[in-house]
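Dear colleague,

I am handing over the structure below, with a summary of what was found in it. Please read the notes with the model open beside you.

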Amino acid sequence: MEIREIDQADESLVHRHWEIGRDAEAACRPYDFYPQWETAWTTYQVGREDIRFVLLGAFDGDTMVGAGRTDLNLLDNLHSASSVIFVDPARQRQGFGRALDAACVEVTRAAGRRLLMTEAYAPPGGDSPGVLFARSMGYVAGIEDGMKVVDLIETEPTWAALEAKAAASRGDYRVITWRDHVPEEYVDDYCALCEAFFDEAPIGEMEIEPERWDRKRVEEREARNLRTGRRELSAGAISPDGRMVAVTELMVNERITTRGFQSGTLVSRDHRGHQLGLAIKLANHRQARAAYPDLRILLTGNADVNAPMNAVNDALGYREVERCVEMQKAV
Ligand SMILES: CC(C)(COP(=O)(O)OP(=O)(O)OC[C@H]1O[C@@H](n2cnc3c(N)ncnc32)[C@H](O)[C@@H]1OP(=O)(O)O)[C@@H](O)C(=O)NCCC(=O)NCCS
């Protein structure tokens, strides 16, 4: 067994690295949300302004059988790194995962960082090889998220009644939607919401620092998403005095438009109590159905302790299909 760093310009090695992750996830997760090959390859070729990736392969002779990746944040959270490890399902329990974890720890230390984070998925109410492995490697759980899916086509008949309910308490707030680019006049408000997210969304024991957002970071992310085929659909709420005070975002990869990922939703603290969370998510569901008529399944994750978000998601018909355990260890 040998652990080697993978040259990110070597297409056949990077493809094998990607494929091991795809097969390992397919063996243990109920829905396929693994990144598309073209998206992953473009990301590695162009690189990212905010993260440096280190790809590691576990080899048995010339055959790569395990794939690890350590992500080093470059703009904030410089005390930490995060890693993900996959082993070919046919080669698990032979020590490849352990060797990859040791290599990820080395990468983290060499970058001068003191904390390594990872996340592992498991069925609701149960453990999984990933969770048992991470625990055995010394990671400690910091927070658990329920991973939920909603079927947009099945739930669409319920939206009109929910919209009426949300509209009844909206007052003078307005709901807007956009795609791929945050409307120019709201970029500063949008950055403030992105930063507030880290104060507002529960992070449990995870040692995560708030991110800093500015116009440049927003534009870089928009360009990166378009380059890699990721299309963003968003909705926001505008307060009576013209500020954007709530946002929700989902991502659909143009190469596989039957599924999407619902990422952050935030209603600014002073503007809660008007059903804006429900209103903007509904508006975004409508936008998503119109833009991608074959889009059926959205996946999202929420901390169990996030009662308001869970209430909105329950109303929209999300149901828990797995759990994500976020873990960390000092290195
Ligand atoms: C998690 C994963 C990477 C483990 O890889 P692996 O090569 O099988 O792990 P190792 O053989 O090095 O196991 C190291 C230790 O982890 C624990 N472990 C690993 N798999 C386990 C399982 N299925 N059940 C119980 N313990 C397990 C054991 O303590 C094991 O030591 P032991 O074999 O001496 O008892 C692999 O199962 C996988 O790819 N899973 C899907 C992706 C994932 O969940 N990754 C984890 C998030 S980083």
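In this predicted model, a backbone N or O atom of R98 lies 2.7 Å from an oxygen atom of the ligand, a polar contact in the sense used here, namely a pair of N or O atoms within 3.5 Å. When the ligand is taken alone it exposes 910 Å², of which the protein buries 80%; such areas come from the Shrake-Rupley method with a 1.4 Å probe.

Helices (H or I, at least four residues) and strands (E, at least two) are DSSP runs, numbered from the N terminus.

In the loop between β5 and α4 sits S128, which counts as buried because its relative accessibility is 8%; buried means under 20%, exposed over 50% and partly exposed in between, with a 1.4 Å probe and protein chains only. Leaving aside residues up to four places away in sequence, S128 touches Y121, A122 and P123, contact meaning heavy atoms within 4.5 Å.

D270, by comparison, belongs to the loop between β10 (256-267) and α9 (276-291), and it counts as exposed, because its relative accessibility is 69%. Between D270 and D71 there are 199 residues in sequence and 35 Å in space, C-alpha to C-alpha.

As for the record, an unreviewed UniProt entry lists residues 1-165 as "domain: N-acetyltransferase", although annotations of this sort may be inferred rather than shown by experiment. Over that span the chain is 38% helix and 32% strand, with its end C-alpha atoms 60 Å apart.

Residues are numbered from 1 along each chain as its sequence is written, and side-chain values use heavy atoms, with hydrogens and water left out. Local features need pLDDT of at least 70 and side-chain atom pairs count only at pLDDT 80 or more, whereas totals for chains, interfaces and linings use all residues.

Terms used
A polar contact is a pair of N or O atoms within 3.5 Å; within protein, one must be able to donate a hydrogen and the other to accept it, and residues adjacent in sequence count only if both atoms are side-chain atoms.
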